[in-house]
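Some notes on the model follow, as numbered points. Please read them alongside the coordinates.

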Amino acid sequence: MSHPAPYPVRLADEIARQLGQLSDHLSQLPPPQAAQVIARVLDPDNGVLGGVTHLVITGSHFAKSEAERGALPAEVWLALGRAANELHDISLDLDEHQDLLQHLSTRPATSAAKPPAPAPLVVRRRR
């Protein structure tokens, strides 16, 4: 007979499942609602990205302790630390767009006669 997964493992599985559901919903939302969801996900204090960053930082502390006692290779600790630093940097980069996302999410949906001109996303340099 197999033992049921402990609560924290089940919690991690449930969070992963719910993130998948949120992604599915996000792809089908109208722009104002999608912007609202993204703004909440990216909220630096209460958002998903901040929570994941904190979780990876906590995992890095765990991995450091385990690496110091020889139970994990130091590379695991270093990789988690690098991931935590990069997630933190990404959060800072995205935080500067938080107000714009909030504004977009509160703007009423209108059917404009002329849609806005798309902005170029890639600029190619000539050689």
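1. Helices (H or I, at least four residues) and strands (E, at least two) are DSSP runs, numbered from the N terminus. The model is predicted: local features need pLDDT of at least 70, side-chain atom pairs count only at pLDDT 80 or more, and totals for chains, interfaces and linings use all residues. Residues are numbered from 1 along each chain as its sequence is written, and side-chain values use heavy atoms, with hydrogens and water left out.

2. The protein has 5 helices and 0 strands, in the order α-α-α-α-α from the N terminus.

3. Helix α3 covers residues 48-68, 21 residues in total. From first C-alpha to last it reaches 30 Å, close to the 30 Å expected at 1.5 Å a residue (the expected span being 1.5 Å times one less than the number of residues). Glycine 70 follows α3 and has a positive phi, near 90°.

4. Buried means under 20% relative accessible area, exposed over 50%, partly exposed in between (1.4 Å probe, protein chains only). In α3 the buried residues are Leu49, Thr53, Val56, Ser60, Ala63, Glu66 and Ala67. Seen down the axis of α3, these fall within an arc of 140°, so they line one face of the helix; the arc is taken over the directions from the helix axis to the C-beta atoms.

5. What do the buried residues of α3 pack against? Their partners are α2 (31-42) and α4 (74-95), contact meaning heavy atoms within 4.5 Å.

6. The face of α3 turned away from its buried side carries exposed His54, Leu55, His61, Phe62 and Glu68.

7. Across the protein, 16% of the 127 residues count as buried.
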